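Hi there,

Here is the structure I promised to pass on. Have a look at it first, and then read on for what turned up.

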Amino acid sequence: MNNLQWLDEVKFNEQGLIPAIAQHHQTGRILMVAWMNREALQLTAEKMQGVYFSRSRNKLWFKGEESGHFQTVYEIRLDCDADVIVLQIEQHGGIACHTGRESCFYRKLTATGWEIVDAQLKDPNAIYGEKPSSNPHTIAMNSSNAQAEQVEVLGYLGKMMAERKAADPDSSYVAKLYHKGLNKILEKIGEESIETIIAAKDFKSEACEDHKNDLIYEVADLWFHTIVMLGYFELDVQLVLNELARRQGLSGLVEKANRDH
């Protein structure tokens with residue numbers, strides 16, 4: 001953005017900071033809250049990547065610079081008092097919390113006190129012991145551990161679908177899809193397939209960074225909605241992973257011939 005007048009409308013506090021809430025752009029779940037100064041907010045808007053300000057270290061930090069769990073920003077909103085930011089984001093790696101969980105809000109108040117209700121997806125020692133890539137779209141290529149993490153994310157999404165299936169339709173995007181039924185889910189898969197094809201053609205005609213990112217995002221949306229469909233039939237994502245593993249080392253022509261017979 002060349003015109004920065006929009007920044008002047010933001011009400012930073014006496015320390016020059018504003019709280020920023022990161023929310024999953026599809027499920028609506030609150031993943032984390034952090035602080036931004038003017039520069040962090042400007043960089044977030046320019047790069048469409050989560051950039052925050054660390055009060056303890058007194059410096060800017062790109063979410064994922066140590067963990068590899070970068071955030072792609074889809075939308076930035078400002079509240080009515082202009083003193084709180086909400087980011088609609090995609091959390092790479094599926095982990096926003098430094099404890100190795102999807103969300104920093106993993107404790108729920110019960111009659112006996114604060115209860116941990118979200119499972120730890122990865123040991124923090126394993127997360128911060130690895131050197132992350134500078135590119136969020138190539139993290140999975142850097143090590144076998146990172147590749148395994150991506151498989152864990154797919155498995156986690158499968159488990160999440162089972163939880164959302166029985167949830168209130170107004171509680172999340174996925175729950176609403178399940179409430180509307182199979183035809184609506186298939187309609188979304190059709191839409192995402194078309195958008196993926198268009199993004200691929202755009203990338204072929206002009207191999208620029210924006211078109212590359214568009215293609216990646218559309219494929220992610222397509223995968224996501226096919227996992228929703230599997231959840232509708234109560235089919236585990238692991239079954240698909242097992243099938244892909246079975247095909248390793250098997251010629252595509254041979255595999256197709258086996259299916260045809």
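Before the details, one cut-off: a residue counts as buried when its relative accessible area is under 20%, as exposed when it is over 50%, and as partly exposed in between. Please also keep in mind that this is a predicted model.

With that cut-off, glutamate 234 counts as exposed because its relative accessibility is 67%. Its side chain meets that of lysine 165 in a salt bridge, at 3.8 Å from N to O. Lysine 165 belongs to helix α4 (residues 144-165), while glutamate 234 sits in the loop between α7 and α8 (237-247), so the pair ties together parts that are 69 residues apart in sequence. Lysine 165 itself is partly exposed, at 31%.

The structure holds 10 salt bridges. Another one joins the side chains of glutamate 66 and arginine 57, with 3.4 Å from N to O. Both ends are partly exposed: glutamate 66 has 44% relative accessibility, and arginine 57 has 40%.

Glutamate 187 is partly exposed at 40%, and so is lysine 184 at 24%. Elsewhere, salt bridges with shared partners link Arg29, Glu102 and Asp118 into one network.

As for α6 as a whole, its 24 residues reach 35 Å from the first C-alpha to the last, close to the expected 34 Å. Its buried residues include Ile185, Ile189 and Ala199, and the buried residues of this helix pack against α5 (173-180) and α7 (209-232).

Now to the strands. An open sheet of four strands runs in the order β2-β1-β6-β5, with mixed pairing. At its edges stand β2 and β5 (71-78), each with a single partner strand, so one side of each has no neighbour in the sheet. From one strand to the next, the twist averages 25 degrees.

Which strand is largely enclosed by the rest of the structure? That is β1 (residues 18-24), because five of its seven residues are buried. Six bridges join β1 to the antiparallel β2 (residues 30-36), where alanine 34 is the bridge partner of alanine 20. Five bridges join β1 to β6 (residues 85-91), and these two run parallel; here isoleucine 21 has valine 86 as its bridge partner. In the hairpin of β1 and β2, glycine 28 takes a positive phi near 80 degrees.

Happy browsing!

Technical notes
Residues are numbered from 1 along each chain as its sequence is written. This is a predicted model: local features need pLDDT of at least 70, side-chain atom pairs count only at pLDDT 80 or more; totals for chains, interfaces and linings use all residues. Side-chain values use heavy atoms; hydrogens and water are left out. Buried means under 20% relative accessible area, exposed over 50%, partly exposed in between (1.4 Å probe, protein chains only). Two strands pair if DSSP finds at least two bridges between them. The expected span of a helix is 1.5 Å times one less than its number of residues. Contact means heavy atoms within 4.5 Å. Axes are lines fitted to C-alpha atoms, for helices over the stretch in contact, and angles run from 0 to 180 degrees between N-to-C directions. A salt bridge is a side-chain nitrogen of Lys or Arg within 4 Å of a carboxyl oxygen of Asp or Glu.
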